[in-house]
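Hello,

Here is the structure you asked about. Please open it alongside this note; my findings follow below.

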Amino acid sequence: MKKTPYRAMILTSLICTLIMGSLVYYSIGVVDRANYKSEASQRLNDICITLENNSRETSEVMEQVYEDYKSKTRVVAMMLSKTPEIMTDETSFEELRMAVGANIISVSDKSGEIQFSTDLSTDKKSICSEFSGDVGNRVFADILVRTSNGETTIIAGASRLDEDGIIQIEFSPDALDELADYTNITSYITSSPLFVSGCTAIIDKTTYRYVSHTNKLLSGSAVQFPKKKFIGEKGWFKSEYGGSDAMIVYRFSDDDTIVIGIVPYSEIYSRRNSIIKWALLICVILTITIILSVRQRVLTENQRSGE
């Protein structure tokens, strides 16, 4: 029996193995990539919905808190209109400040100049410029929010009831504790990894920095992905992250942020790579088995021919 047909059989087996391996490699890779992209997109959609709901709740709570501060300022205005001597009595004025939980209470005249204040050490001689245009408005009440050196202060202003002027109250940052759980809603991203080795993050579209990131160390840092990659309201692209290729899935949120998910391709293709390794091992074993079988068949045929 000739050896050539058996060599052709072995060669055909190897070619079929390579073709089947390539098809499996490609098909499993495509399916796994599509599944990861689909699930990541759904995760981002859930995050966007949560952020939008929390943003709405935050606005409602902050509005309520601001209204409370304005109400306190109106109450102070009413008390001072009925007992103006409080403004000239340092002890009574200080007790009033502590009663409303304020930092400073200041009272201006019709020109906006501060006449009385619980802060005797201040060099400030006039009320906030935002309030100065309403010194003659008897129904005025407004709120300012200012941040300095990492501390936020709420400044409430209301018209005096006894004469033209403004009562300005600066509330302690401690009074903002009620808002802390709402204004820091994005912090939950730090405890929300994506799959096994992926991560999620929120990008501020204005500053193009991470508002929040699964890796806390990256929160506040600049985004390493080019802006031009984020085309449309949602999508995905391939980029390098942490020294390896990764799939970047993104979705624009209604609060001027971009929610992204980052999944390394090493995780996406881990199942495929494992299957291919086992498939190749099985193919090698089968090929060796075929070679040994063919060799044994050839030896047997040669022995018969020699006899």
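Ile-15 sits in helix α1, which covers residues 4–82. This is a predicted model, so please read every value as computed. Ile-15 counts as partly exposed, because its relative accessibility is 44%. Together with Leu-11, Ile-19 and Leu-23, Ile-15 makes a nonpolar surface patch of about 390 Å².

Further along, Glu-52 also belongs to helix α1. Its relative accessible area is 27%, so Glu-52 is partly exposed. What does Glu-52 touch, not counting residues up to four places away in sequence? The answer is Ser-253 and Asp-254. Glu-52 and Ser-253 are 201 residues apart in sequence, yet their C-alpha atoms are 7.6 Å apart in space.

The largest nonpolar core has 21 residues. Leu-80, Phe-93, Ile-105 and Ile-167 touch the most other members. Five elements are listed as giving two or more residues to this core: α1, α2 (90–99), β1, β4 (151–159) and β5 (166–171). Which of them gives the most? It is α1, with seven residues.

Leaving aside neighbours within four places in sequence, Ile-105 is in contact with Phe-93, Leu-96, Arg-97, Val-100, Phe-116, Ser-117, Thr-118, Ile-167, Gln-168 and Ile-169.

Ser-106 is in strand β1, residues 102–108. Is Ser-106 buried or exposed? Ser-106 counts as buried, because its relative accessibility is 4% and the cut-off for buried is under 20%. The side chain of Ser-106 makes a polar contact of 3.2 Å with the side chain of Ser-117. Beyond four places in sequence, Ser-106 touches Ile-114, Phe-116, Ser-117, Ile-166, Ile-167 and Gln-168.

Last, Thr-257. This residue is in strand β10, residues 257–264. Thr-257 counts as buried, because its relative accessibility is 8%. Setting aside neighbours within four places in sequence, Thr-257 is in contact with Ile-202, Ile-203, Asp-204, Lys-205, Arg-251 and Phe-252.

Best wishes

Terms used
Residues numbered from 1 in each chain as written. Predicted model: local features only at pLDDT ≥ 70, side-chain atom pairs only at ≥ 80, totals over all residues. Heavy atoms only, no water. Helix = DSSP H or I, 4+ residues; strand = E, 2+ residues; numbered from the N terminus. Buried < 20%, exposed > 50% of the residue type's maximum accessible area, 1.4 Å probe, protein only. Polar contact = N/O pair within 3.5 Å; in protein donor to acceptor, adjacent residues only side chain to side chain. Contact = heavy atoms within 4.5 Å. Patch = residues over 30% accessible without salt bridge, like charges linked within 9 Å, V, L, I, M, F, W, Y side chains within 5 Å. Areas by Shrake-Rupley, 256 points an atom, 1.4 Å probe, with all protein chains shown as cover. Salt bridge = Lys/Arg side-chain N within 4 Å of Asp/Glu carboxyl O. Core = buried A, V, L, I, M, F, W, Y, C linked by side-chain atoms within 4.5 Å.
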